[in-house]
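This report concerns a single protein chain, whose sequence and structure are displayed below. Please keep both in view while reading.

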Amino acid sequence: MQRLVELAQYMSFRLAEHLATADIAASIGSVGDAYDNALMESAIGLFKTELIRPGRPWRTLSQVELATAE
């Protein structure tokens, strides 16, 4: 059985084009460099647990932005 997502580096062409247009270097490491991803996943998980889920239903993006800033 073939996996839907192969175990390889993935980067969308549209994202690459957007980053190049904005003169931003992509942060894609080599295999095994997952520490930055783990840190961001932890931060996003806490953000969802402490702000997003308790405050729902969010009606607009502006409400989320304001709550985040607070």
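The account below moves from the overall fold to individual residues.

The model is predicted: local features need pLDDT of at least 70 and side-chain atom pairs count only at pLDDT 80 or more, whereas totals for chains, interfaces and linings use all residues. Residues are numbered from 1 along each chain as its sequence is written, and side-chain values use heavy atoms, with hydrogens and water left out.

**Overall architecture**

The protein chain contains 3 helices and 0 strands; helices (H or I, at least four residues) and strands (E, at least two) are DSSP runs, numbered from the N terminus. Read from that terminus, the order of elements is α-α-α. The mean pLDDT, which is the predictor's confidence in each residue on a scale from 0 to 100, is 75 for the protein chain, and 69% of the residues reach 70 or more. Among the elements, helix H1 (residues 13-21) has the lowest mean pLDDT, 80, and helix H3 (residues 61-69) the highest, 88.

The accessible surface of the protein chain amounts to about 6800 Å², and carbon and sulfur atoms account for 60% of that area. Accessible areas come from the Shrake-Rupley method with a 1.4 Å probe; for residues, only the protein chains shown count as cover. Of the 70 residues, 4% count as buried. Buried means under 20% relative accessible area, exposed over 50%, and partly exposed in between (1.4 Å probe, protein chains only).

**Residue accessibility**

| Residue | Relative accessibility | Class |
|---|---|---|
| Asp-23 | 72% | exposed |
| Ala-26 | 40% | partly exposed |
| Ala-67 | 17% | buried |

**The loop between H1 and H2**

Asp-23 is located in the loop between H1 and H2. Although Asp-23 is not a glycine, its phi is positive, at about 55 degrees. Asp-23 counts as exposed because its relative accessibility is 72%.

Ala-26 also lies in the loop between H1 and H2. Its C-alpha atom is 7.6 Å from that of Ala-16, a residue 10 positions away along the chain.

Pro-57 belongs to the loop between helix H2 (35-52) and H3. The peptide bond joining Arg-56 and Pro-57 is cis, with omega at about 5 degrees.

Ala-67 is placed in helix H3. With neighbours within four places in sequence left aside, Ala-67 is in contact (heavy atoms within 4.5 Å) with Leu-51 and Trp-58. Ala-67 and Ile-52 are 15 residues apart in sequence, and their C-alpha atoms are 8.9 Å apart in space.
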